[in-house]
Amino acid sequence: MDKLDILEIDNNNISGLVQPNGQLTNLKQLNISNNNIIARMDTLHKLFMNLPSIEVLKLNSNNLWGKLPALTASSNQILPPFLNLKVLDISDNFLFGKIRLDVILGEQLQSANGVIEHIDISHNQFDELNFNNFPQINFDSLNYLNVSNN
């Protein structure tokens, strides 16, 4: 599956996700939205570590819960830096805690060529959105940010 570019398994009734054994090095788009996947966000690290080229990550409308881990290289290798990420949609789940976009998307947003265009974290249970470090973040490519209904 090393040549796979796009994986669309949305709008099914999938309740579990088997972590891949190998790397999906060329996967640019992963859409597992609108399923019934029950998982704690920090248990999906093996899946995320196998997506070095991901540009579109849609995990919305599932039963994902927990705090959102940092998508940075310095986060104890929980997740890769996702330097090519353009779209992140984790809306309509059960995620909670404090949101700091500079921590969650650290290297990606601080990069001079950050490419993030679309972030949707709406319809979760986040209790704080921290804008403290926004002046240091490159939002030149960001054209959609939805944090409503938290």
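Q: In what order do the 6 strands of the open, parallel sheet line up?
A: This is a predicted model, so local features need pLDDT of at least 70 and side-chain atom pairs count only at pLDDT 80 or more, while totals for chains, interfaces and linings use all residues. Residues are numbered from 1 along each chain as its sequence is written, and side-chain values use heavy atoms, leaving out hydrogens and water. Strands here are DSSP E runs of at least two residues, and helices are H or I runs of at least four, numbered from the N terminus; two strands pair if DSSP finds at least two bridges between them. With parallel pairing, the order is β1-β2-β4-β6-β8-β10.

Q: Which strands stand at the edges of that sheet?
A: An edge strand has a single partner, so one side of it is left without a neighbour in the sheet. That applies to β1 (6-8) and β10 (144-146).

Q: Which residue in β2 stands opposite E8?
A: Strand β2 covers residues 29-31 and runs parallel to β1, with 3 bridges joining the two. Opposite E8 you'll find N31.

Q: Which residues does L17 contact, leaving aside neighbours within four places in sequence?
A: L17 sits in the loop between β1 and β2. It's partly exposed at 26% relative accessible area (buried is under 20%, exposed over 50%, partly exposed in between, with a 1.4 Å probe and protein chains only). Its C-alpha is 7.0 Å from that of I37, 20 residues apart along the chain. Contact means heavy atoms within 4.5 Å, and L17's partners are I32, I37, L44 and L47.

Q: What is the order of the open sheet formed by 4 strands?
A: Its pairing is parallel too: β5 (residues 63-67) and β7 (residues 94-99), for instance, pair in that sense over 3 bridges, with K67 opposite F96. Edge strands β3 (38-40) and β9 (125-129) each have a single partner, so one side of each lacks a neighbour in the sheet. The order is β3-β5-β7-β9.

Q: What does L51 touch, not counting residues up to four places away in sequence?
A: In soluble globular proteins, nonpolar side chains tend to be buried together. For L51, the list is L24, L27, L30 and F82.
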